[in-house]
Amino acid sequence: MREYLASWHEHGSPWEIWVDRYEAARAQFAEFIGATAEEVAVVPYASAGINSVASALSFDKRNKVVLGEFEFPTMGHIWLAQRKRGAQVEFVSAVGNAIPTEHYEHVIDPNTLIVPLTGVCFMNGFRSRVSDVVALAHANGALVMLDDYQDCGTRPVNVKHSEIDFYVTGTLKYLLGPPGLAFLYVRKELISTLQPTITGWFAQRHPFAFDVKHLDLSPSARRFEAGSPPVPNIYAAMRGIGLLQEIGLNNVAAQIAQLSQALLLGARKLGIQPKTPPDSVGPLVVLQCAKAAAVVEKLAASGVVCSSRHDGLRLSFHVYNTLEDVQAVLAVLEKNLDLMTNPDAVRADC
């Protein structure tokens, strides 16, 4: 951030410097997910990327949008808003804290246009079977958009190997960056077939031509962008991504898996019921909690930062966490078991 402020202070409005950094961020993220720079759009938040794609799709021939009920709310909101344009939105139901792949089989059909899919559910840590859903969608001629906001930065990603059509994430969480910056990947073969109606000057072939009378969209994924890029956030986000690349994503994933498993095992020993599957390798572990907001405050008083969603206590691990951190969390939970469990519930082992 100091580097950005210096560029501003010393040069006033150095767009040539800022655009170089903006393009460097695009290339860096493309390498991070196994894509090319031409397939990556730099957007201010994930919703902007999703909205841009939605605006470019036609619901005339195929009109069904299929998504699970574990999606982050903005994903549902954006596609529900497309009903005015002819979209038919259908939600795939869950069983407890999981969505079986066969439930997608019952809903995806030849009328399906796109399947938005969460990588990891923000409420309970459920990890979607991405390859299975992608295969099912593609067999029916449908597109797949993966929302990886809750996981990107914790393990290696290769969008080519996963064969997804769109990939969106932001820098705020596991990419170790600030809010106000996100990336959208669009498979190369699709770019020229889609013309977003949500647009702006940076979506044009030549932004600095300042041509107000002509719409000339970029031939690259930049056509899914809109206004001026969030330059300060780009400066900061590149350092976070660079740090993860330096450590190595396989090393990051191994550390997180060890911590997640340690917490899940420790919670079960205390009689706490996890919402997250027992074989989860993280990064998000969610525990059933009768008074989640109160437990968040207890943990905060002990120096542990976490959050809650409904009746779930959310704990997120990254490469900088340690087994000592896990033990610190478990110690607080053990002292507050009365807040974790519902005294009216019947124990299964009684």
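The following legends describe close-up views of a predicted model.

**Figure 1. Packing of helix α3 against helix α4.** Two packed helices are described by the angle between their axes and the distance between the axes. Helix α3 covers residues 46-56 and helix α4 covers residues 73-81. Their axes lie 10 Å apart and meet at an angle of about 25°. Because angles under 35 degrees count as roughly parallel, α3 is roughly parallel to α4. The crossing of α3 past α4 is right-handed.

**Figure 2. Residues at the contact of α3 with α4.** From α3, the contact involves Ser47, Ile50, Asn51 and Ala54. From α4, Thr74, Met75, Ile78 and Trp79 take part.

**Figure 3. Surroundings of helix α3.** Helix α3 is mostly covered, with ten of its eleven residues buried. The buried residues of α3 are Ala46, Ser47, Ala48, Gly49, Ile50, Ser52, Val53, Ala54, Ser55 and Ala56. The elements against which the buried residues of α3 pack are helix α4 and the strands β1 (40-43), β5 (143-147), β6 (166-170) and β7 (182-186).

**Figure 4. The aromatic pair of tryptophan 15 and tryptophan 201.** A pair of aromatic rings is described by the distance of the centres and the angle of the planes. In the whole structure, 17 aromatic pairs are found. In the pair of tryptophan 15 and tryptophan 201, the ring centres are 6.0 Å apart and the planes stand at 80°, so the pair is edge-to-face. Tryptophan 15 belongs to helix α2 (residues 15-33), whereas tryptophan 201 lies in the loop between α8 (188-191) and α9 (231-247). The pair therefore ties together parts that are 186 residues apart in sequence. Tryptophan 15 is partly exposed, at a relative accessible area of 23%, and tryptophan 201 is also partly exposed, at 27%.

**Figure 5. The aromatic pair of tryptophan 201 and phenylalanine 202.** Tryptophan 201 also forms an aromatic pair with phenylalanine 202. The centres of these rings are 4.7 Å apart, and the angle between the planes is 85°, an edge-to-face arrangement. Phenylalanine 202 has a relative accessibility of 1% and therefore counts as buried, while tryptophan 201 is partly exposed.

**Figure 6. The cluster of aromatic residues.** Tryptophan 15, tryptophan 201 and phenylalanine 202 are among the residues that ring pairs link into a cluster.

Key:
Residues are numbered from 1 along each chain as its sequence is written. This is a predicted model: local features need pLDDT of at least 70, side-chain atom pairs count only at pLDDT 80 or more; totals for chains, interfaces and linings use all residues. Side-chain values use heavy atoms; hydrogens and water are left out. Axes are lines fitted to C-alpha atoms, for helices over the stretch in contact, and angles run from 0 to 180 degrees between N-to-C directions. Helices (H or I, at least four residues) and strands (E, at least two) are DSSP runs, numbered from the N terminus. Angles under 35 degrees count as roughly parallel, over 145 as roughly antiparallel, 65 to 115 as roughly perpendicular and the rest as oblique. A crossing is left-handed if the near helix is turned anticlockwise from the far one by less than a right angle, and right-handed if clockwise. Contact means heavy atoms within 4.5 Å. Rings of Phe, Tyr and Trp (its six-membered ring) pair if their centres lie within 6.5 Å; planes under 30 degrees apart count as stacked, over 60 as edge-to-face and the rest as tilted. Buried means under 20% relative accessible area, exposed over 50%, partly exposed in between (1.4 Å probe, protein chains only).
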